[in-house]
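This report concerns the packing and charge pairs of one protein model. Please examine the sequence and the structure shown below.

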Amino acid sequence: MSSKIDLSIAALSVLAVTSFGQDLVHMRTEYVSEGVLRLVPDESLTPQRGPDEVLAYQSLNSGSTNRLRVGSDEIGDDLYMVPGTGGQVSTIARTLVNMSATGRIDQYRMSLIWRDLATQGVQQRRDFVILSSLPPGVGAVITIPSIILDPLSIIVPDNAYFSVRYSDPIGIDPSDFGVLTGGPNIAGSSSRFIQNFTTGQQIDLGSEDNNIAYVIATRPIPAPGSALGLASLAGVLAARRRRA
């Protein structure tokens, strides 16, 4: 396995266990049923993407080495995506670290939440149950591909708070959820502060180059009944039939 890390949307590579100086695996989500996804190993070096999909934000890279315990709180990072890339969210890469010394994460709830930067009001929210098998002490880079996200029609602006909240685990205590932080950003920017929307606390990560690790790709908002929208729906239905 190559030690070079390429986390562009064009090639979300498999990550070597030693690349971040810690146990780390690369996984992706697959559809199980309505609102339920499962994690599977992702060994594809060049995941397919649509020709109109663009990299809007990327803080996840080889500098994402810091483990931050977040528990089940909603922790939002202020994302300033590449100007003009607001639109329909098509791919997300995020991280999850099992901070437990003994427990395996067998299942959890994941909430994707976008909030207005000024009012902090919720703009978009999607909730999933995730079936997993993440051993103690291990971190994962997890890709949510366009076949999952496109049919959800998640429309976001260029700039917003973005949170991935983990809760309701089976196998560990809720306090043992963690994420990776670091940097510097490759695309877009973020301040050194993150917001705990559960407690109201603002947290200083100490540097503009230390951000919660994400990759977000978007595409232009499809017109109703467009070929893109119909193709996305057909892809999901085909995937569901294959798994039936």
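The text that follows treats the nonpolar core and then the salt bridges.

The model is predicted; local features need pLDDT of at least 70, side-chain atom pairs count only at pLDDT 80 or more, and totals for chains, interfaces and linings use all residues. Residues are numbered from 1 along each chain as its sequence is written, and side-chain values use heavy atoms, with hydrogens and water left out.

A nonpolar core is a set of buried Ala, Val, Leu, Ile, Met, Phe, Trp, Tyr and Cys residues joined through side-chain atoms within 4.5 Å. Buried means under 20% relative accessible area, exposed over 50%, and partly exposed in between (1.4 Å probe, protein chains only). The largest nonpolar core has 41 residues, of which I92, Y108, M110, L112, W114 and F162 touch the most other members. Strand β9 (residues 105-115) contributes the most to this core, with five residues; strands (E, at least two residues) are DSSP runs, numbered from the N terminus.

The structure holds 11 salt bridges, each a side-chain nitrogen of Lys or Arg within 4 Å of a carboxyl oxygen of Asp or Glu.

| Salt bridge | N to O distance |
|---|---|
| R69 and D176 | 2.6 Å |
| R109 and D168 | 3.3 Å |
| D127 and R125 | 3.1 Å |

R69 is partly exposed, with a relative accessible area of 45%, whereas D176 is buried at 13%. R109 is partly exposed at 32%, and D168 is exposed at 51%.

Notes: Helix = DSSP H or I, 4+ residues; strand = E, 2+ residues; numbered from the N terminus.
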